[in-house]
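Q: I am new to this structure. Please show me how to read its features, one at a time.

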Amino acid sequence: MNILTANNISKSYGEKKLFKNISFTINNGDKVGLIGINGTGKSTLLKIISGYETADLGDINIPNGINIEYLDQNPKFDSQSTVLQQIFKSNSPTIKLIKKYQETLKTIEENPKDGTLQKQLLKLTNEINNLNAWDMESQVKTVLTKLGVTDFNKKMGTLSGGQRKRVALASALLSPCDLLILDEPTNHMDNKSIDWLEDYLKIRKGALLMVTHDRYFLDRVVNKTMELDHGKIYTYTGNYSQFIEKKIERKNFESAIERKKQNLYKKELKWIKSGVKARGTKQKARIQRFEELKNSKVNIDDSKIDISVGYSRLGKKIIQMKGISKSFGKNQLIKDFSYIFLRNHRIGIIGDNGTGKSTFLNLIAGKLIADEGIIDIGKTVKIGYFAQTSENIDENLRAIEYIRKSAEYINTSDGNKISASQMMERFLFSNDMQWTYISRLSGGEKRRLYLLKILMNAPNVLILDEPTNDLDIDTLNILEDYIDEFDGAVISVSHDRYFLDRTCDRIFFFEGSGYITEYTGNYSDFIAKRKNNIKEEFKDKLPKRKNPPNIETPKKKKLKFSYKEKFEYERIDSEIELLENELSNIEDKIQEYSRDFEKLQEFIVKKDEIEEKLLFKMERQEYLNNLEKKIRNFKA
């Protein structure tokens, strides 16, 4: 079923052309990831589809009865409303119905004998029954909790920007719709909330269109990828990894076509310059073809951001933390923490929101003072701090003026000097963009400009607080390459699992109540170790056998089944079949209750338990089958 068709959409802001004559369709069941470099118009396109902005040319066709729900990157809110009140201000038909029911009920309490009101209440009751919406408040609280918002009566004006975004996300998820549009939904979310959102969106019915820089999220959720590139849109079937492969194929194909065009253009140019021959006139058609060739050059420039900035000399002593503690009131964030940072350290910091991750970075950067302990920073250390929110940039400045405030010229890592303008070109700021007022740049372009300024100061210790927020994937890829070559320590707070896997070799896990645990390896290694620890704890809680076997001097077993093994071997196939049937039933239930969040979570937990049992049984089946073969061969 077709949800939406875009026909020849064009949009410009002044002289800046975002996209021209782009067309695409979205069908029911499509889970689309929209990607592209910052400033190409991704957020603008989402707003045009949602009806919050209009295209210069073209039209969006949406069939009657199709509902669209949109999460803005910077959602609006009523500062005086509580969290629950804010969600119940949604335009969702279900929430409007519940509000109308509550208002009618209140009016009836004042006029209990009004027959018209009684009939209206009965009608509303039937409508709510048909929508199964009686437990809406419970569903709202469940989703908010999963997204890390637990104080439902807190005023919106007192929440952080990230918390407000999560309240808006909860409202979007709870609004029944045919097309859900999300602009950077994972920004300001911790890993636990992202994991939940990922699972929810994978099983959610209906179409999905989202902009996100989270590559693991794209890999695991989307089945279709659209890329905005130089004003055009390209559609690929598959997730992010499949998109990368198909984009390489497209670029290679375009390059081959362009090379053929250039060869033909050179021949035609030679012919044009050759002068009038024979009959004294040139063929008009051939001249016209030459003009078309000249004007039809395909942009195959695949240049990436080059950030080979030099860095300052770094001595042996980097950063030493001794017995550091930090609290805010009764909330202890860091408790008696000690650590010695070395030149080659690549540290990723993770944990739930509010556990002290940003506080930790601010202590190192000297923006906060520890309650107890000492932070000893080496004399040669020059910290580059890429904060979660950009500094207060004077938006009346042109982009190049802002960069020149840091340096007119800088030394690269290979010892050469380049100008601020050349450096901006390496960051994909064209000559026109360099002289653009900062107020006209997109949010992502401002973040890229801020990152450039940090690196132009040639730091030798990098502190990155949520560096993936608002940066496009291409910029992140190059930042990761830069970190590979960076000759100094890098400390990153991030919820981006791909970024942590790509750049970190140790993880600091903020567990809460001030406790920080170190794990060697990247984020995936950390997850694997945490799972193993949980399994070991579970094993420790199992009842111990009265006569455990002597594992130090095991006796040689006879090649035959024990009584228990024989009993298990005879039943293992049927037990696996039962578990597989049970798993299939649970998966059907998950689809059936995809909008009932409490039941959905219950079935997801049960599914995990069954899969764990099934995996164990399959491992036992493999062992028993191998043992049976050995016994058979031995007897033969």
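This is a predicted model: local features need pLDDT of at least 70, side-chain atom pairs count only at pLDDT 80 or more; totals for chains, interfaces and linings use all residues.

**Reading the features**

Q: In which sense do β10 and β13 pair?

A: Two strands pair if DSSP finds at least two bridges between them. Strands are DSSP runs of E, at least two residues, and helices are runs of H or I, at least four, numbered from the N terminus. Here β10 pairs with β13 (residues 372-377) in the antiparallel sense, over 5 bridges.

Q: How many bridges link β10 and β11?

A: There are 7 bridges between β10 (residues 319-328) and β11 (residues 331-341), again antiparallel.

Q: How do I check a helix length, as in α6?

A: The expected span is 1.5 Å times one less than the number of residues. Helix α6 (residues 161-173) has 13 residues, so it should span 18 Å; its end C-alpha atoms are 18 Å apart, which agrees. Helix α3 (residues 93-110) has 18 residues and reaches 26 Å, close to the 26 Å expected.

Q: How many residues of α6 are buried?

A: Buried means under 20% relative accessible area, exposed over 50%, partly exposed in between (1.4 Å probe, protein chains only). In α6, 10 of its 13 residues are buried, including G162, K165 and R166. In α3, the buried residues include T94, I95 and Y101.

Q: Why is D474 called partly exposed?

A: Because its relative accessible area is 30%. D474 is in helix α16 (residues 473-485). N38 is 436 residues away in sequence, yet the C-alpha atoms of D474 and N38 are 9.0 Å apart.

Q: Which residues line the largest cavity?

A: Rolling a probe the size of a water molecule over the atoms shows where empty space is left. On a 1 Å grid over the protein atoms alone, a cavity is a set of points where a 1.4 Å probe fits but cannot get out; lining residues have an atom within 4 Å of a point. The lining here includes M189, D190, K357, E466 and H495.

Notes: Residues are numbered from 1 along each chain as its sequence is written. Side-chain values use heavy atoms; hydrogens and water are left out. On a 1 Å grid over the protein atoms alone, a cavity is a set of points where a 1.4 Å probe fits but cannot get out, and a pocket is an open set with protein on both sides within 12 Å along at least five of seven lines; lining residues have an atom within 4 Å of a point.
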